[in-house]
Amino acid sequence: MMIWALNVLALMITANPAVAAVCCGGHAAIPALITGYETTRLNSSFARSTLIGDAPAQGIPVFRRDGDRTSRSIFRLSGAHRWESEWQLGAGVNLARADFGDIDVNAAHLTFPRESILSLAPAGYFFAQVLIPTGTSVYELPQGQFSESEITGGGFARISLGTLWLTTYRKWDAFALGKAGPALERAFDQPNGSLRVKPGWTGDFMIGGGFALSSVWRLGGSVSAIVQEAKRTQASSGEWTTASSRLVWPASVLLTHFWDMRSTLNLAYEDETLIGPVRNTSLSRTVSLQYSYRWSRD
Amino acid sequence: MRTIVFAVFTFITAAACGQSPILHHHDAPETPSPVERVGSGTESTCPIAIGQDICATANWIIGPVLKTENRFRLSFTERLSREPIEVTSPIEVELWMPSMGHGSAPTRVTPVPDLPNTVDIENVHFIMPGDWEIRIRAFGQSGSVRLNL
């Protein structure tokens, strides 16, 4: 039961479909972390995301007409390897429209291991994540491509530091994850000159939990808050302008099935239209299916 | 079971109290809202103020709508006399989403035969719904018009 519960937590963290948002490159990825007993894990997921509406910087959101609801499929590969009991490395990449999205790489350390599964005291991880902007951002759409569904990346390198805390109690589990960090300033070549953008800081905060329905099924859920500092842009004229900050609250439910001791199937639904307030963001609904495979040290 | 009911109830309460988008939203209209002019001028006297002395008038030929190429015609006049001003220097038109910090580019500026104060702006693409600003640089000065799509 203990192994089951800890493995479930690992799946719960990495099966979040938040990376699949349609517009503007999606969210910063939740890091691929091993929180169970395995040494290596690989995840592949398929997500179908539909952009339902748009929240302005001020005022209430506007839900799109059916014909304007952009949908997109995203395939994501991620994995992690633990080479000591405390240290691990992970990475992930999105693929959309036969194009690479952004790549994320993370290193994590189990700083506070659990002393006992009978205790509620959580395990605590600290991690650093680097997001490499290999996708196509809204600033880099090729000439003749004018659809938001062409956007596969955020456009900026981002460095984040974060922490994950998780615990189990009988059939229950719970976790809290937080990460924050700045994105690096970057200049983009535009038809009418160079555009310099200072993207600012982003913070992701997530809490969630789950319940073992049986020995092979688990139902879980989570709520996130994503806060993004307002971008500053400098046009070729030299004038700096400030955009608006962004706030969105993705909520998700996750059904997990343990195929066997090595492989797991997750079905997740994430909705950004349930919790507010939201500001200056697109609002998506995403369904994803993920398959995970684990290797353990014998 | 009681815990699950409690969790669901808490979630619904949080959604209701926090201005849940699904409970507090507008549906997009069937037709785009009319162009809202911004700048120092008023629509009747100076639809788009280009600096202090010049006015521009924008008339849509196609659009404005999403997901297709739009086109509009831009005419320049002196602000006080209302006399046409011949376009002798390059005109730049930029599409920008001020709240998002990005835009759509490039537009194409084409002179209109027999109308020396008028240009057609082509290759106008609004890639997503929201607040857009059309920024115009002409005669060494600038102005803008805002629209919501």
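How many residues of chain B are in contact with chain A? In this predicted model, 37 residues of chain B are in contact with 45 residues of chain A, contact being defined as heavy atoms within 4.5 Å. Residues are numbered from 1 along each chain as its sequence is written, and chains are lettered from A and ligands numbered from 1 in the order in which they are written. Local features need pLDDT of at least 70, side-chain atom pairs count only at pLDDT 80 or more, and totals for chains, interfaces and linings use all residues, while side-chain values use heavy atoms, with hydrogens and water left out.

The two chains bury about 3,300 Å² between them, 64% of it on carbon and sulfur atoms; buried area is the accessible area (1.4 Å probe) that two parts lose on being put together, summed over both. Across this interface the rule finds zero salt bridges, a salt bridge being a side-chain nitrogen of Lys or Arg within 4 Å of a carboxyl oxygen of Asp or Glu. The side of chain B that touches chain A comprises, by class, 16 nonpolar, 15 polar and six charged residues, where Ala, Val, Leu, Ile, Met, Phe, Trp, Tyr, Cys and Pro count as nonpolar, Asp, Glu, Lys and Arg as charged, and the others, Gly among them, as polar.

Chain B contains an open sheet of five strands in the order 3-4-5-9-8, with antiparallel pairing. The edge strands are strand 3 (48-50) and strand 8 (108-112) of chain B, each of which pairs on one side only. Strand 4 (residues 54-62) and strand 5 (residues 70-78) of chain B are joined in the antiparallel sense over eight bridges, and B:Ile62 has B:Arg71 of strand 5 as its bridge partner.

In chain A, four strands form an open antiparallel sheet in the order 9-10-13-14. Strand 9 (186-190) and strand 14 (240-242) of chain A each have a single partner strand, so one side of each is left without a neighbour in the sheet. Strand 9 runs antiparallel to strand 10 (residues 193-198) of chain A, with five bridges joining them, and A:Ala187 has A:Arg196 in strand 10 as its bridge partner.

Note on methods:
Two strands pair if DSSP finds at least two bridges between them. Helices (H or I, at least four residues) and strands (E, at least two) are DSSP runs, numbered from the N terminus.
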